Amino acid sequence: MKQILFAGVIGLFLTLIGTPLLIKLLARKGYGQYIRDDGPRTHGSKRGTPTMGGIAFIFATVAAYFLSKVFTGLGAAETPPPTFSGVLVLALMVGMGMVGFLDDYIKIVKRRSLGLRAKAKMAGQLIVGITFAVLSLQFADSRGQTPASTKLSFITDFGWTIGPVLFVVWALFMILAMSNGVNLTDGLDGLATGASVLVFGAYTFIGVWQFQESCANGEALTNPGACYEVRDPLDLAVVASALMGSCLGFLWWNTSPAKIFMGDTGSLALGGVLAGLAICSRTELLLALLGGLFVLITMSVVIQVGSFRLTGKRVFRMAPLQHHFELKGWSEVLVVVRFWIIQGICVIVGLGLFYAGWAADK
């Protein structure tokens, strides 16, 4: 349990002190945000704000994860080793972050507003996603549990196995959907960062709970239906805690008026790691509720595009949804805080269902 606390504190500390250093570096190189002319007029003042800030919390999360193991191992017989589940989820975050970094780099340095070509960006995401999905079905432990399962899951695995091929397709869908969801949400200062902190907090709790009620525990054998078949739940909680602390520290600088934006580097990384946590903790469908704000904002874009193509009319003044409320006269801070409240409600309901599912089986 000490690892969870250390990971969160280290991640928070590293982004609090590291992000302003990154801001100075990016500003000196002129790596500022490109603002589209068709967006809300109030966003014009954001032009030139340093971007690619995702670098800060990606680095801080990875460092916090490994440093937490070193610090908790001091004075002990041995340092707690990294687990395959934890490393795979972190690798997914880094891989998606690299795709986002290339996109940001081309936008800013090469002065090409659309960044990576659509096919190149998709190819990068597919390579990272497929690699994660395939490897997550390897590395079985002594009980035969792999980081991921070929069964669909809500609060735990259910139903028949879908097989490795369909699992890879399903995992890719989750990774791409969450990455795009976070990317669309990252339109106002602090919105995506704050919402992500809440979800990572939920996954920290879920990991701890699954560890306490793991089927690997002897007492769980008396009632196997009320335990969790998750390979490394406590280490997933360490990863989630590191992410929560790192994003919270980044939020200090990213909140309105933002001194730095996460860019695609950060949004693709956060979306990928959220999907990775859900897959490895066997809470895949629950993620749609825990990350309800990301789903809501994504659906607003789908509805807007679909309505315009079918009827020639728009449902919202502007999509994604947060810009609709800006154009209705809400201030940016008001939109962000109210959307955080919506995300908080989604997390509370999701955790309530998670607990209710356990209590029903108990």
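Predicted model: local features only at pLDDT ≥ 70, side-chain atom pairs only at ≥ 80, totals over all residues.
Residues are numbered from 1 along each chain as its sequence is written, and side-chain values use heavy atoms, with hydrogens and water left out.

Arg282 sits in the loop between H8 and helix H9 (287-290). It isn't a glycine, yet Arg282 has a positive phi of about 60°. Arg282 also counts as buried, at 3% relative accessibility. For the record, buried is under 20% relative accessible area, exposed is over 50%, and partly exposed is in between, with a 1.4 Å probe and protein chains only.

Phe139 also has a positive phi of about 60° without being a glycine. You'll find Phe139 in the loop between helix H4 (118-135) and strand E1 (151-153), and at 34% relative accessibility Phe139 counts as partly exposed.

Then the cis prolines. The bond from Ser256 to Pro257 is cis, omega near -10°, with Pro257 in the loop between H7 and helix H8 (263-280). The bond from Ala319 to Pro320 is cis too, omega near 0°, and Pro320 is in the loop between helix H10 (292-311) and helix H11 (321-327).

On to the rings. There are 13 aromatic pairs in the structure. Rings of Phe, Tyr and Trp (its six-membered ring) pair if their centres lie within 6.5 Å; planes under 30 degrees apart are stacked, over 60 edge-to-face, and the rest tilted. Phe57 and Phe250 have ring centres 5.2 Å apart and planes at 75°, so that's edge-to-face. Phe57 is in helix H2 (residues 54-73) and Phe250 in helix H7 (residues 233-254), 193 residues apart, and both are buried.

Trp209 and Trp358 are edge-to-face as well, because their centres are 5.1 Å apart and their planes at 90°. Trp209 is in helix H6 (residues 191-212) and Trp358 in helix H12 (residues 332-361), so the pair ties together parts 149 residues apart in sequence. Zoom out, and ring pairs link Phe205, Trp209, Tyr355 and Trp358 into a cluster.

Last stop, Leu277. Leaving aside residues up to four places away in sequence, Leu277 touches several residues, including Val89, Phe200, Tyr203 and Leu236, where contact means heavy atoms within 4.5 Å.

Technical notes: Helix = DSSP H or I, 4+ residues; strand = E, 2+ residues; numbered from the N terminus.
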